[in-house]
Amino acid sequence: RLEEDGIHVLDIVEKPAPGTEMSREASIGRFLYTGEYLDRFQKSSKEAFGLDACVAVRSPAIALSVALEALGLSEGDAVAVGALAPAYYARELASRRLVPVFVDCLPDSADLDLGSIASLDPKPKVLVLYEALGNMPDPEEVAGLGMAVIEDISESLGAYRGERRAGSLGQLTIVGLEHGSLVTSGGGALVAAFGRREAQVLRNL
């Protein structure tokens, strides 16, 4: 709905009343909500964003951790990360004993220099694609990398490149819900999947 101040508000689920059982369920552990509230939030988010599956967690950093876990990376594996990615990327990779390999941006845009990934050493097994400033890369170029992709659309939610929408370029997708995100729940993030095979990976976590 459109509020009087001009801010568009998406009513995914109502806020639990303070002191209620539902409010005591909220924000426990690494998940954004638990129990009935978690189920309702995830179901409503799937419908609102057209997802096949999603998991709501307490922060974008935890979302990245969940996505990395879902891809089954081993200690010492290299992960390609864009130069404009948030600082918590490097911290999260270090905490999982993964090796970040940074990819520079093209000089005339905020797009990643995907052509340079083939020459990176060590060779990354996964690309964490943070689409800074709403810039989506060429989908064919991403597919040509031949590696798993975690696409972070916290700044590109709703964007299209040709007929491909943001979130459809990788195996898993991260959607930030922090107070400064394009869409916010006041905090947290979604780990999402737009395809059936990827959705099953999330369900198995």
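These legends go with close-up views of a predicted model. Local features need pLDDT of at least 70 and side-chain atom pairs pLDDT 80 or more, while totals for chains, interfaces and linings use all residues. Residues are numbered from 1 along each chain as its sequence is written, and side-chain values use heavy atoms, leaving out hydrogens and water.

**View A. Helices α3 and α4 cross at roughly 45 degrees.** Here α3 spans residues 60–70 and α4 residues 88–95; helices are DSSP runs of H or I, at least four residues, numbered from the N terminus. Their axes, lines fitted to C-alpha atoms over the stretch in contact, with angles from 0 to 180 degrees between N-to-C directions, come within 10 Å. The pair is therefore oblique, the class left once angles under 35 degrees (roughly parallel), over 145 (roughly antiparallel) and 65 to 115 (roughly perpendicular) are set aside.

**View B. Residues where α3 meets α4.** From α3 come P60, A61, L64, S65 and L68, and from α4 come Y88, Y89, E92 and L93, with contact meaning heavy atoms within 4.5 Å. These residues divide into 7 nonpolar, 1 polar and 1 charged.

**View C. Helix α3 is largely enclosed by the rest of the structure.** Of its 11 residues, 8 are buried, that is, under 20% relative accessible area with a 1.4 Å probe, protein chains only. Among them are A63, V66, A67 and A70. After α3 comes G72, with a positive phi near 70 degrees.

**View D. Cysteines C54 and C105 are buried.** Relative accessibility is 7% for C54 and 17% for C105. The structure holds 0 disulfides, counted as cysteine sulfur pairs within 2.5 Å.

Notes
Helix = DSSP H or I, 4+ residues; strand = E, 2+ residues; numbered from the N terminus. Nonpolar A, V, L, I, M, F, W, Y, C, P; charged D, E, K, R; others polar. Buried < 20%, exposed > 50% of the residue type's maximum accessible area, 1.4 Å probe, protein only.
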